[in-house]
Amino acid sequence: MMAARAIISEDLHCPQCSDIYCLPLLLACGHNVCNHCLKKFWEMKGCRLCPVCGSESPSARPPINLQLKIAADQQKAQNLYVKHGDCLIHNEPLKVFCNNDQEPICLICQISMQHKVHQCCPVEEAAQQKKIEISAILDSLRKTLKSLYNKKQQMEETKAYIQAQSAQVEEEIKNEFRILHQFLWDEETNQLKALKQEEDTKVQVMRKKMEDTVKQIQRLSSTISETESALKVRDLPFLLGYKETKKRVKCNIQEPEFIRDILINSAKHLGILKFKIWKKMANTVKYAPVILDPNTAQPNLQLSQGLTSMHYSRKQLLPDNPERCTNRVCVLGATGFTSGLHSWTVELGQVKDWHIGVVRESIKRKSTNCLNPDEGFWVIGLSDGDSLWAESSPRAMLTVKQKPERITVKLDLNKGKVVFINTANSTVIYTFKDKFTEKIYPYFSLGLNEEWKNSSPLTICPLTISVNTE
């Protein structure tokens, strides 16, 4: 038996003849075939195989699929019903439409018990109403289809952007490692050069000592040889040359002294080699406490390669992903915080319009909103290059003796405070006090700038890196 489910019109067609089933037989493999189609197929093949999958049937008389037969017969009746345009029961023209059963009926049907209490109307009137109804649905479907095409296009663009983004990041990673590799190669070259210089210097010292020793050996060997010859002569000649011989054998021969620190200073070259290189590398590395998230950046923001600086630029073609902010020219930090104390300093430069601070993760990123704590913003900002504001509720103007060039933001999630400090003199500019109930992100925003080619950057200041031992 077929599984109990709604039978659609496609299920009612025989896979062999493609017509609506005529006495469908259910094979062991689960496929259905018309009785006459199956017999004809088996006679042609000479064996009991399924016309669809080729499986052999164990029975020469497969059972009738009653559920499918009833559905097929109903479909045939419906086709006939529609084909002739007359009521199959009363053989009368179908002039009335039953709104309850959603089907055309004849006048006799309308007064019958089946349709007596139903709402009916003339076929022409019903057709006009139903066409309007279906047209409205069709318009909705067209809009949905258009929307799906647009979504598909956006998906294709996003996929291409992901691939381009990955290629760009891959190249930047390779470039960073090329710099690191070059640094290590240069350090290796310098270390080997220092080792070679020490080797050459100490080998030269040893070569000089060896030359002096060879001269002493030659001189002493000559003295010994001459003295041995003098000892072999007769007494009188020996005594005649005694003074000279004695003077010669009493020559002062000093043995070479052992030279201190003549060996290669292996400890100097190897002892803390990695630490020295690491410490030296620290001088070339910059670390920023906050990294900007390019996936949240508004399309007019151009981020630096290290993702620590931004400036206003020509609008870029970027995917409108859910994380991206499009309602303001802003970007969020890549890492959010839920607890603890966090701090970062922002170099404002010559930027005339900016907002910095923190926001909650759930801020509206696509639609217009107000920059205040009620909307999830705890920020201060500069307008038109002269007036400094705290975006509180209500908004408050801040009085400072001198426009700050650097501002340090201190976020204390445990105490519920956001403090803005003028880095130059460590004076507090403004403090927000609130209760943070979700993840908080650093926030940076620039105003619109028609002269984008000459826009000044807003930069997160790097921290001083030190490598120490304890």
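These are some friendly notes on the predicted model above, from its overall form down to single residues.

1. **Ground rules.** Since the model is predicted, local features need pLDDT of at least 70 and side-chain atom pairs count only at pLDDT 80 or more, while totals for chains, interfaces and linings use all residues. Residue numbers start from 1 along each chain as its sequence is written, and side-chain values use heavy atoms, with hydrogens and water left out.

2. **Overall form.** The C-alpha trace spans about 170 × 90 × 40 Å along the principal axes.

3. **Secondary structure and domains.** You will find eight helices and 18 strands; these are DSSP runs numbered from the N terminus, helices being H or I with at least four residues and strands being E with at least two. The chain is divided into domain 1 (24-81), domain 2 (165-284) and domain 3 (294-461), with bounds from an automatic or database domain assignment. Between the centres of domain 1 and domain 3, taken over C-alpha atoms, there are 73 Å.

4. **Surface and contacts.** The accessible surface comes to about 32,100 Å², and 54% of it belongs to carbon and sulfur atoms. Areas come from the Shrake-Rupley method with a 1.4 Å probe, and for residues only the protein chains shown count as cover. Of the 470 residues, 29% count as buried. Buried means under 20% relative accessible area and exposed over 50%, with partly exposed in between (1.4 Å probe, protein chains only). Among contacts (heavy atoms within 4.5 Å) with a separation of 6 or more, 58% are between residues 24 or more positions apart.

5. **Valine 33.** This residue sits in strand β2 (residues 32-34) and is buried, with a relative accessible area of 0%. Beyond the neighbours within four places in sequence, valine 33 is in contact with several residues, including Cys14, Tyr21, Leu27, Leu38 and Pro51. The C-alpha atom of valine 33 is 6.7 Å from that of proline 15, 18 residues apart along the chain.

6. **A nonpolar patch.** Ile134, Ile137, Leu138 and Leu141 make up a nonpolar patch on the surface, with about 360 Å² of accessible area together. Patches are made of residues with over 30% relative accessible area and no salt bridge; like charges are joined within 9 Å, and nonpolar side chains (Val, Leu, Ile, Met, Phe, Trp, Tyr) within 5 Å. Isoleucine 137 belongs to helix α4 (residues 123-231) and counts as partly exposed at 42% relative accessibility.

7. Because aspartate 200 and lysine 196 are four residues apart in helix α4, about one helical turn separates them. Aspartate 200 is partly exposed at 40% relative accessibility, as is lysine 196 at 43%.

8. **Salt bridges between distant parts.** Aspartate 320 and lysine 366 form a salt bridge, with the closest N and O atoms 2.6 Å apart. The pair links distant parts of the chain, 46 residues apart: aspartate 320 is in the loop between β7 (309-312) and β8 (330-332), and lysine 366 in the loop between β10 (354-360) and β11 (377-383). Aspartate 320 is exposed at 55% relative accessibility, whereas lysine 366 is partly exposed at 37%. Arginine 406 and glutamate 347 also form a salt bridge, their closest N and O atoms being 2.4 Å apart. Arginine 406 lies in strand β14 (residues 406-412) and glutamate 347 in strand β9 (residues 341-347), so this pair ties together parts 59 residues apart in sequence. Arginine 406 is partly exposed at 40% relative accessibility, and glutamate 347 is partly exposed at 21%.

9. **Serine 383.** Serine 383, in strand β11, counts as buried at 16% relative accessibility. Leaving aside neighbours within four places in sequence, serine 383 is in contact with Lys352, Asp353, Trp389 and Arg395.

How values were computed. Salt bridge = Lys/Arg side-chain N within 4 Å of Asp/Glu carboxyl O.
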